[in-house]
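Thanks for asking me to look over this structure with you.

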Amino acid sequence: VINGFELTPVDIVIINEGTNSFSILYGNGNERFSNSITYFTGYDSLPYASATGDFNNDDLVDIVIANYGTNNVGLFFANHNNTFQNQLIISTGVDSHPTSISVGDFNSDKYLDIAITNFGTKMICVFLNDQNGSFTKSTFYSINSSSPYSIDVGDFNGDKKLDLFIVNIGTNNIGLLLGLGNGSFEEVRMNSTGSYSSISLALHDYNKDNRLDVIIVNNDTGSIDILNGYFEGFPTPVKYYLDYESNFVIAHDINNDKILDLIILCRSDNIIYILSGSRNGLFSWETEYYTGFNPCAATVGDFNNDGRIDIVVVNAGDNNMGIYFGNGDGTFPRRRRIQTGSFLNSVAVGDFNKDNQLDIVVTNNYNNSVSIYLGYGNGSFASQVTYSTGSQPQYVVIGDLNNDKCLDLVVANYFGKSISVLLGYGNGTFANQLTSSAGYFPTFIAINDFNNDTQMDVVENNMYSGTVSVLLGFGNGSLAKPVTYGTGSRPSSISIADMNNDTHLDLVVACAGTVYTYILFGYGDGSFSNAVSYFTNMFSPSVAIGDFDEDTRLDMVVVDPNEESIGVLLQYNRGALANKRTYASGGSSKLRSMAIGDINNDTHLDIVVANYGTDDISILFGYDNATFPIHLTVNMDSNSHPSSVTFGNFNDDKHLDIAVTLAGLHQVGILLGDEQGSFIRQAVYQTPSISPPLVVSAGDFNNDGQSETVVGYDDNDSIDIFTIYNTGSFRDLKKY
């Protein structure tokens, strides 16, 4: 373990299994180290693993050791004079034989806790910090089928709570324990990648999708497994029966409890229905209100400036809109009705004239127009001003499409098979429409920036062709030609959100002609994946997105007019992993060591492994999707038996190089890299060591910008530090 106990310079910790101790070498910043200071871990303790951290919050780095032989962990608290207190012994249980240790704050109390693999008893042990220098609270989690060998900590399900991942020796070689944030964990979920002996792991987001991935080393098959975190989808929906045909849903916090509630329109019954949300994703009946005839769309806003959410509903059957003024507690006792144009389809709100009062725009289907109602801020509105659109406008949204900081209107025209853009002047008036071609009978439209160019883009549905079309914006109000993606039958509404937490916007499409909702995952460049279907068992014309159970994962609500119900689908939050790739070095490779870094400067992580049996180094070059299609083998000398690899900048050219211990030759090899990922083996002018080198690490011990190597040996009580010439050859040796 290499750590900076005083931040700089670098110090070294060595576990000495043979002498039941660990040693510390303090660096002085000029590539030299103090004589080793050794601490006894107990007779027959056989120290096996270590971790470092500040366990008592005194800004000093402490050391914790897993003692395989004496079935305990030893905690050494640091003093201010670079010494350590006597070992605090924490029992891990009879015959537990701990093999690995990891630390993290498991209960959010800002104190580090400890997690340990008990190889002998097939358990994971978690010790919670008592905040007074002791760890009396312990919980054991049974693994049963396998013996846990190595452990690491990370947040696999994105809930900001630390989870535990283990690799095992036995039938199920991997396991995941999801953290609850209070120091306890869910029951372990065990799986197999096909190996029976996995000994090492590394956690990282290799494909940059904001989900942890895992690399596993298997010493029985000589292979490496890549497990990718992925979007698992949704379970079967929880249904709520309303006694009315539901057609439209939006999600918003209407009672100021910071929890999302649902507003549902029931067109055939002329009802607006309110469901109150809770923090666990469940909903309860709140109230219902009568509307005008055939309510078809709604949205929310504060129209009278009282700090409470109001609702505006457009009624297609009697050509008016109703405004329901909220009390802030989820009730809406007062209503105002405003006469409008002919056969309304949609409504949107925004401040069109920059007077800090909300205004309203509605589509007039039969008049081929939109109407603007400027708000006075007291719940009343000026008379409508009408602007022409294409034929039968069905839906309107608001956004700034020409980057002039004035709100514009974007309209989907059903019979016109077009999109109208009306650029706003910022004073409540709008220019004549700009028209772009759309798909086949659009009835819904949404906007956002899909390609991260700071310009608004458009997506619209094509009701009768089972597709949606994406039109990228140019930033001047004009749109590119539509790019079409297939969905289910009768796509009816589209929500835009980052469903899989990869920082790219996705499209969620509700389809009235099928019992599936579809997600098109965005790539961040304006393009999208093929539609992925998620079973809802509901023919839904509308979908709402939100984090309804507060687990930081977005959930869905869909409506079903056929069953007079809604369905709530809470996204799985289980930290799912898929075994995407297995890379085998070869049946006789006897893979011994792995290192991870960006070798060829392409911003993608690569993998280097030492193949003891085949006398070579394997390099797997990574790509964006966490695959490693290019495999480079660097042959070492015959019977060299590479046993450990590490990275460093050994020749001061700013490119990563590789150091490898050659156990068969009793030497250390250097491979100098270039920016393209190729390597040159350096001639070794080095007197063979007495013992075979077992492990190598690298660090800049003298702050000259160039790495030195530290080598430990199989049956020798010393470590060697090699300084390297700029040519990559060794200069001198310092033995400790």
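1. What share of the 736 residues in the chain is buried? Buried residues make up 60% of them, where buried means under 20% relative accessible area, exposed over 50% and partly exposed in between, with a 1.4 Å probe and protein chains only. Please keep in mind that this is a predicted model, in which local features need pLDDT of at least 70 and side-chain atom pairs count only at pLDDT 80 or more, while totals for chains, interfaces and linings use all residues. Residues are numbered from 1 along each chain as its sequence is written, and side-chain values use heavy atoms, with hydrogens and water left out.

2. Now the overall build. The chain has 60 strands and 0 helices; these are DSSP runs numbered from the N terminus, with helices being H or I of at least four residues and strands being E of at least two. The C-alpha trace spans about 95 × 50 × 45 Å along its principal axes. Of the contacts with a separation of 6 or more, 42% are between residues 24 or more positions apart, a contact being heavy atoms within 4.5 Å.

3. Take a look at the second largest pocket, which has a volume of about 1,400 Å³. A pocket is an open set of points on a 1 Å grid over the protein atoms alone, with protein on both sides within 12 Å along at least five of seven lines; a cavity is a set where a 1.4 Å probe fits but cannot get out, and lining residues have an atom within 4 Å of a point. Grid points are joined across faces, edges and corners, and the volume is the space filled by probe spheres set on the points. Of the 50 lining residues, the closest to the pocket's centre are Phe-248, Tyr-395, Phe-444, Ser-493 and Ser-542. Strand 41 gives the most to this lining, with 6 residues.

4. What classes of residue line that pocket? The lining has 33 nonpolar, 15 polar and 2 charged residues. Here Ala, Val, Leu, Ile, Met, Phe, Trp, Tyr, Cys and Pro count as nonpolar, Asp, Glu, Lys and Arg as charged, and the others, Gly among them, as polar.

5. The structure also holds 2 cavities of 30 Å³ or more. About 50 Å³ of space lies in the second largest cavity, and its lining has 4 nonpolar, 3 polar and 4 charged residues. Among them are Arg-211, Glu-232, Arg-553 and Arg-574.

6. Aromatic pairs deserve a point of their own: there are 36. Rings of Phe, Tyr and Trp (its six-membered ring) pair if their centres lie within 6.5 Å; planes under 30 degrees apart count as stacked, over 60 as edge-to-face and the rest as tilted. Tyr-387 and Phe-430 are edge-to-face because their planes are at 80°, with the ring centres 5.7 Å apart. Tyr-387 lies in strand 32 and Phe-430 in a loop, so this pair ties together parts that are 43 residues apart in sequence. Both are buried, Tyr-387 at 12% and Phe-430 at 6%. Tyr-395 and Phe-444 form a tilted pair, 4.2 Å centre to centre with 35° between the planes.

7. Asp-44 has a positive phi near 60° and is exposed, with a relative accessible area of 58%. Lys-258 has a positive phi of about 65° and is exposed too, at 73%.
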